[in-house]
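Student: I have just opened this one and would like to work through it with you. Please let me ask things one at a time.

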Amino acid sequence: MIKMRLDEVAAAVGGRLAGADPAAVLTGDVEYDSRKVGPGGLFVAFPGEKVDGHEFAAAAVAAGATAVLGSRPVEGVPMVLVDDPLAALAALARVVVSRLPDLSVIGLTGSSGKTTTKDLVAQLAARLGPTVAPAGSLNNELGYPHTVLRSDEATRFLVLEMGARGAGHISYLAGIARPRVGVVLNVGVAHIGEFGSVEGIAAAKGELPEAVPVDGVAVLNADDEWVRKMAVRTRGKVVLFGESADADVRADEVTLDERGRASYTLRVARGSVPVRLRVSGRHQVANSLAAAAVARELGMPLRELGEALGELELRSARRMDLFDRPDGVTVIDDSYNANPASASAALRALAAVGAGRRTVAVLGYMAELGEFERSGHEEVGRLAAELGVDRLVVVGDAAGPIHDGAIAHPGWEGRSVVVGDQAAAIDALHAELRPGDVVLVKGSRYRTWDVADALRADGHAA
Ligand SMILES: Nc1ncnc2c1ncn2[C@@H]1O[C@H](COP(=O)(O)OP(=O)(O)OP(=O)(O)O)[C@@H](O)[C@H]1O
Ligand SMILES: [Mg+2]
């Protein structure tokens, strides 16, 4: 956060001070979780449905906050009062960006891989200059401005994840901090229940290239027909990444090793360089190409880029987290969330890592698929069978169509069971697992996390 006087903060958010010294200065970060507020910070109190942030206002000040931004006065607390704290948070972030003319904002969206790729881009950008990026998946109307507000005069690059659960969301975020480089990874059926159609999802994601300014860059996936079509929706320069022949940043001669890690030749207009990734999964080729395209735009020379790509690591938990247990079982914890595209990517990684070994996939329910609910699950089961996965453990009746899809696949020699809950899945695995097995755990959030954690704990106990 840049230093700001409280009267400047009030002016920025169109609010008024109550019980606060106008000359007091913000020197710390802006937080909406009172436990995170530190000395010199600003605590944003949201009314909230369950808990009212104003109840923590005094605690925030005791923890050192200079003031609290909220919608009603609190006795003994220096306040910046506004009608709408969320709009105020956005307004404050906007003013901070306007005071940092040297800041390059990079925004990423897509149905799968935003957090993963945001972490890759942030690691590359950090080699070029001081970089701010959120931890994990802070990509909405709260997390986005929160991350923006962590920037200060020293920050060169601000890397932001942009989530879209509906039309207008990305435009809103872009209005807070406009990306000079906007990356669209892919368009899938994630959250289709809320959008109604793939067209609707593509339209919403296309708000990012639309928001990119004339002197900016839209970085688009050449291999995704929906994303490729977004080239006409930007005033900025278009850079295509992918494996298609016309991609500007292209991977060629892709191979996978026994850990599912890709090596490829990175080709750009002026040359090529070999790349050897440390992160697992064929889909990391696309993610790393997107990151490479951004790094090129930020000025990274090709040779350094090849090396830097090889050093990228995972930063956010439960995404392609591959580990070996002492008992010889290999686990792929990809349990952060799931949709048909990311489940397919994960199953392919399982097949790559599990070549010549016995493979087990623990698959949970995929939320928010709307009319694709049944077919989306069946398709995942079919793919598991097609890839020759040996054992399927389907968690929860709602995920049952995964089982149906697998057993309907002609010639599949594997076995599938549907278990009622995670505890039953853990029991099934205890009975089943043998040294040398490779287990994938994949599902939407809390629906399979316990399974992944149990597999991790078993490993330590062994
Ligand atoms: N390019 C990709 N294609 C398909 N799946 C991917 C891709 N990149 C990552 N994944 C997988 O998708 C899942 C979600 O990854 P990640 O958290 O990076 O995505 P996200 O878009 O940020 O998700 P969210 O919408 O929850 O924020 C993980 O299981 C990850 O392994
Ligand atoms: Mg995310």
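Student: Which residues line the largest cavity?
Tutor: Picture a 1 Å grid over the protein atoms alone: a cavity is a set of points where a 1.4 Å probe fits but cannot get out, and lining residues have an atom within 4 Å of a point. For the largest cavity, that lining is Thr116, Asp119, Leu120, Glu313, Leu314, Arg315, Ser316 and Arg319.

Student: From which number are residues counted along each chain?
Tutor: First, a caution: this is a predicted model, where local features need pLDDT of at least 70, side-chain atom pairs count only at pLDDT 80 or more, and totals for chains, interfaces and linings use all residues, while side-chain values use heavy atoms, leaving out hydrogens and water. Chains are lettered from A and ligands numbered from 1 in the order in which they are written, and residues, following the sequence as written, are numbered from 1.

Student: How many charged residues are in the lining of the largest cavity?
Tutor: Ala, Val, Leu, Ile, Met, Phe, Trp, Tyr, Cys and Pro count as nonpolar, Asp, Glu, Lys and Arg as charged, and the others, Gly among them, as polar. Sorted that way, the lining has two nonpolar and two polar residues, and the number of charged ones is four.

Student: How much space lies in the largest cavity?
Tutor: Grid points are joined across faces, edges and corners, and the volume is the space filled by probe spheres set on them. The whole structure has one cavity of 30 Å³ or more. The space in the largest cavity is about 40 Å³.

Student: Which residues are the protein donors of the magnesium ion (ligand 2)?
Tutor: Donors are N, O and S atoms within 2.8 Å of the metal (3.2 Å for Na, K and Ca); water is not among the atoms, so sites may look incomplete. In sequence the donor residues are spaced T-x21-S-x23-E. Lying 2.1 to 2.2 Å from the ion, they are Thr115 (OG1), Ser137 (OG) and Glu161 (OE).

Student: Why does the pair of threonine 115 and serine 137 tie together separate parts?
Tutor: Helices (H or I, at least four residues) and strands (E, at least two) are DSSP runs, numbered from the N terminus. Threonine 115 lies in helix H4 (residues 114-128) and serine 137 in the loop between strand S9 (131-132) and helix H5 (143-148), so the parts tied together are, in sequence, 22 residues apart.

Student: Is threonine 115 buried or exposed?
Tutor: Buried means under 20% relative accessible area, exposed over 50%, and partly exposed in between (1.4 Å probe, protein chains only). Serine 137, at 24%, counts as partly exposed. Threonine 115 has 5% relative accessibility, so it counts as buried.

Student: How much space lies in the second largest pocket?
Tutor: A pocket is an open set of points with protein on both sides within 12 Å along at least five of seven lines. This one is lined by 16 residues, with Tyr32, Asp33, Phe46, Val51 and Gly53 nearest its centre. Its space is about 280 Å³.
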